Amino acid sequence: MIKQRETRLGVSLLLAFAALLVLGASIRFGAIDFSFTDIAEAIASIFPGHPEPTLNQRIFLELRVPRAILCLLVGASLGVGGTLMQALFRNPIVEPGLVGTSSGAAFGSALFFVLGSVLSLPTGVWALPLAACLGGILSTYLVFILARSREDGRASIVMLLLTGLAINALFMSAIGFLSYIARDPQARSITFWNLGTLSGASWTAVQIVAVSTIGGLFLALRYAKQLNALMIGEEEATYLGVNVKRLKWIILSINVVMVAVATAFTGVISFVGLIVPHILRMIGGADNRYLIIGSALMGATLLTLADLVARLALRPAELPIGIVTSAVGVPIFLLLLRRSRYIF
Amino acid sequence: MLEAKNITFQIGNITLISGFSASFEPGKLHLIIGPNGAGKSTIIKILSRLLRPQTGQIEYEGVDISSASESDLAKRRAVLSQAIEIAFPLTVREVVMMGRYPHFGGHPGQIDENIVDELMDFFEVAEFSDRNYQTLSGGERQRVNFARVLSQLWRENSTLSHINSDTTQRCRYLFLDEPLTFLDIRHQIGFMKKVREFACAHDVVTVGVVHDLNLAARFSDRIVLINDGHVVANGTPTEVLTTDRIMEVFGITPTFVPIEKSAMHLIFE
């Protein structure tokens, strides 16, 4: 027990250090590399009394840094989202991308882009994340309603995955249609929604995603103990004093908001939420407090690494980040599916 | 004191429990018996408020529990269910500690740690404290779960010899839903002895469901025989278990064999 507690603390500290390390690498390397002196000069240029920032310095301040921070936040959101979904469904092969949340959120944002320009909808900074949340809620709700068995109201994991597949296909084709008729350049790029990319990062995006990520993370931590109780079953959790129905709604809402807001700015990035909690569980066990903190840090670290690969592999061009996460994630997902220990 | 007053429970058009009334006293071991589909597990779930009946009410010490909060109830009511599967790698200690969840906020206190240690010893699972629950056998898992369930009702500064009863505090309610499944005969007997030991505390109301009529006869103080969702007989084992009743309810004829220690043993043709 004491050993496990130390392992968990060690893993968390190590991951926090790793996150800082990759953040450093992420702001240094890319289409243009910045040396430490470049970085120092760029930061200094913000303050009054220094010369106006040069083009390169502006690239650094307005594109590179927000992108690196957005990447950390999105990775943390997806990691925590995966942990929450897995705890809720008591199954380690679920993640937000598989049960429709991400594609629904992407649909909501694509719809906002297309209709927003046609109907001249209000375009405050919160309109887009709100549209993404509504889309995410719609798709996730649809998957849960349709996957539920008629007899006992429980969603078996096979039904959940198959329904998720269908709903994902539906929303993706809807996004395809919207991209086809869209005028907005961002919505026109179907790759943006399908494969995910961080190239649209801005400080506004960072601010909004920071709110949902940090808020969601702290809320999720408050329910870590109740999620632990849920691991031994819904009835047992009730006997331990958990209001299971309420818990389910709270966790689903936290998850949808975190994932949908992230998706609104980056498109669908799959498999981060699947792999991260799984690796953490193998190292330090299944305690949800540890998993939530760990998956935020590890999700942030891994997505930043994936983004580095995406930026450096075909430099100066860049790969959609979803290609990188899928290339790593799909084999691991298949491996997990083949392991018999899991209950379906 | 636990009282069930005129309980009716339906799912759709099917009536599972009709007009069920019974009272269960503290300090005694009550066992519910009956054929498959008689509604035994349903009764346990209603008494523990997992299920809410359409009519009638459940009272703990004279107070209707229908509006009690989950967290308040969890401090004084625990339920041991059959075969608990966990999809994630939890250690035995983590599972037992869950029993203390209703009693602490963020992190377990020293009292919680002590109680968990004590119960892991009591159920002989302390040796695999750090093992993954998923790797245990059915019988081992059941012992871990019983340690968990009792830790939920345990009070601090207790010693087993006194089973920590305290007349100034509210009653504690222990429900056992077929706890003997997956246990071999040695563990069945050992388990029933431990249940008896706990059940004799003055402030503990214990209600269980078992299948084996002989175990019920040997260990219980009171037996409630149910069939088709209503009470057929309620009383001491010798009052309830008669040849006619067993024939009527189970459709099989018993032979009573007197043996030394317990009063009677039933065998079936």
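**Exercise 1.** Determine which kind of interaction joins the side chains of Arg58(A) and Glu62(A), and where the two residues lie.

*Solution.* The side chains of Arg58(A) and Glu62(A) form a salt bridge, with N and O 3.4 Å apart. The term denotes a side-chain nitrogen of Lys or Arg within 4 Å of a carboxyl oxygen of Asp or Glu. Helices here are DSSP runs (H or I, at least four residues), and strands are E runs of at least two, numbered from the N terminus.

The model is predicted: local features need pLDDT of at least 70 and side-chain atom pairs pLDDT 80 or more, while totals for chains, interfaces and linings use all residues. Residues are numbered from 1 along each chain as its sequence is written, chains are lettered from A in the order written, and side-chain values use heavy atoms, without hydrogens and water.

**Exercise 2.** Describe the interface of chain B and chain A by its residues, its buried area and its salt bridges.

*Solution.* Begin with contact (heavy atoms within 4.5 Å): 33 residues of chain B and 29 residues of chain A take part. Then take the buried area, which is the accessible area (1.4 Å probe) lost on putting two parts together, summed over both. This comes to about 2700 Å², 60% of it on carbon and sulfur atoms. Leu50(B), Phe88(B) and Tyr101(B) contribute 25% of the area that chain B buries against chain A, more than any other three residues. Last, four salt bridges cross the interface. Lys45(B) makes a salt bridge with Glu235(A), the closest N and O atoms lying 3.6 Å apart.

**Exercise 3.** Identify which elements of chain B give two or more residues to its side that touches chain A.

*Solution.* The elements are α2 (70-76), β6 (77-80), α3 and α5 (138-153) of chain B.
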